[in-house]
Amino acid sequence: MSSSISLDLMELDGKVRPIEIVDEILRQNPDIPYPVPLEELATAVGIQQISELVTEGFEGMLMTNPEKSQGVIMVKANANPQRRRFTIGHELGHYLLPWHRQTRFSCSSESIKDSGTDSKAARGLEMEAEANAFASELLMPSAIFKKLQRKAGEPDIEQVVQFSAHFDASVEATARRFMNLSDHPVAFVFSLNDTVRYWTKGPEFPYLLSIKNGQQLPRQSSARGNGQGVGEMVELDGYIWLSDARGPSLPNRILEQTLHQQDGYKVTMLYIEEMPDEDSFTNQGRF
């Protein structure tokens with residue numbers, strides 16, 4: 001079967017940021033299908049083999065020659081398909097980003113996240129963050145993702161589920177991408193058995209949440225308790241989720257919607273449909 005990827009590697013010269021490299025790949029392949037055919041792309045850039053990694057403690061590994069003209073990617077054996085794709089994208093990031101000059105990268109699950117100090121440690125963290133940014137941009141290109149978001153309208157967690165399937169990315173990685181690229185004030189809470197794993201907010205969401213990692217979800221929240229699939233969007237008092245310790249005055253209402261996953265995992269989207277007046281921001285000394 002012929003490859004759908006065609007790539008002139010010389011055109012990547014001078015591209016140093018993850019988004020610049022991905023943009024060039026997409027420029028040369030304007031009709032690239034989604035989900036992105038990662039293994040075809042890997043072959044096009046010189047990856048000779050993608051195989052399973054059985055060493056404990058590592059999620060992925062890249063071994064390459066000093067010129068980065070060829071290499072091998074290894075992915076943790078039995079990783080779920082979406083996790084495997086993100087790991088391959090992460091290792092491709094190490095391979096294609098020009099200042100990642102090591103000939104061997106061994107990446108743990110902690111370093112491969114869709115998220116990103118002696119000086120050596122800081123440099124390593126920066127490279128891992130860049131490789132994550134590359135994987136996220138490659139799997140879910142920002143221009144394509146934002147186009148889908150704008151077409152879909154106001155945030156709904158069902159969109160996260162649909163985009164996850166479209167890009168063949170995990171729900172968690174897609175939710176983070178959704179949040180970071182949204183024009184609306186949205187935040188996400190990731191929980192397990194009603195206990196907060198962590199929360200994160202997008203650039204348009206100006207508030208802190210009143211919950212902490214390891215705490216129970218708020219009692220008044222519809223996210224707490226049993227459910228199945230995508231729940232209804234419900235409206236709650238803003239104080240239930242939001243902290244008034246800093247930032248602008250709280251909105252009266254906040255919208256909440258939860259995706260119930262397997263084994264007690266949940267993803268809860270918080271969306272502020274109506275922000276307080278700008279005057280209240282100023283009076284609170286927001287900036």
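L236 stands opposite I254 in strand 9. This is a predicted model. Strand 9 spans residues 253–260, and seven of its eight residues are buried, so the strand is largely enclosed by the rest of the structure. The points below cover its pairing, the nonpolar cores and a pocket.

**Strand 9 and its partners**
- Strand 8 (residues 234–237) runs antiparallel to strand 9, with four bridges between them.
- Strand 7 (residues 229–230) also pairs with strand 9 in the antiparallel sense, over two bridges. Here G229 faces H260.
- Strand 10 (residues 265–271) is joined to strand 9 by six bridges, again antiparallel. H260 has K266 as its bridge partner in strand 10.
- Strands 9 and 10 form a hairpin with four residues between them. In the turn, D263 has a positive phi of about 60°.

**Nonpolar cores**
- The largest nonpolar core holds 52 residues. L92 and F188 have the most contacts inside it.
- Helix 7 (residues 171–181) gives the most to this core: six residues.
- Beyond its neighbours within four places in sequence, F188 is in contact with residues including I157, V160, F178, Y198, W199 and M269.
- Another core, of 16 residues, lies apart from the largest one. Among its members are V189, L209, L217 and A223.

**Second largest pocket**
- The second largest pocket has a volume of about 420 Å³.
- Its lining counts 18 residues. D13, E67, K68, Y95 and L96 lie nearest the centre.
- By class, the lining of this pocket has 10 nonpolar, three polar and five charged residues.

Notes. Residues numbered from 1 in each chain as written. Predicted model: local features only at pLDDT ≥ 70, side-chain atom pairs only at ≥ 80, totals over all residues. Heavy atoms only, no water. 1 Å grid on protein atoms, 1.4 Å probe; cavity = no way out; pocket = protein on both sides within 12 Å on 5 of 7 lines; lining within 4 Å. Points joined across faces, edges and corners; volume = space filled by probe spheres on them. Nonpolar A, V, L, I, M, F, W, Y, C, P; charged D, E, K, R; others polar. Core = buried A, V, L, I, M, F, W, Y, C linked by side-chain atoms within 4.5 Å. Buried < 20%, exposed > 50% of the residue type's maximum accessible area, 1.4 Å probe, protein only. Contact = heavy atoms within 4.5 Å. Pairing = 2+ DSSP bridges.
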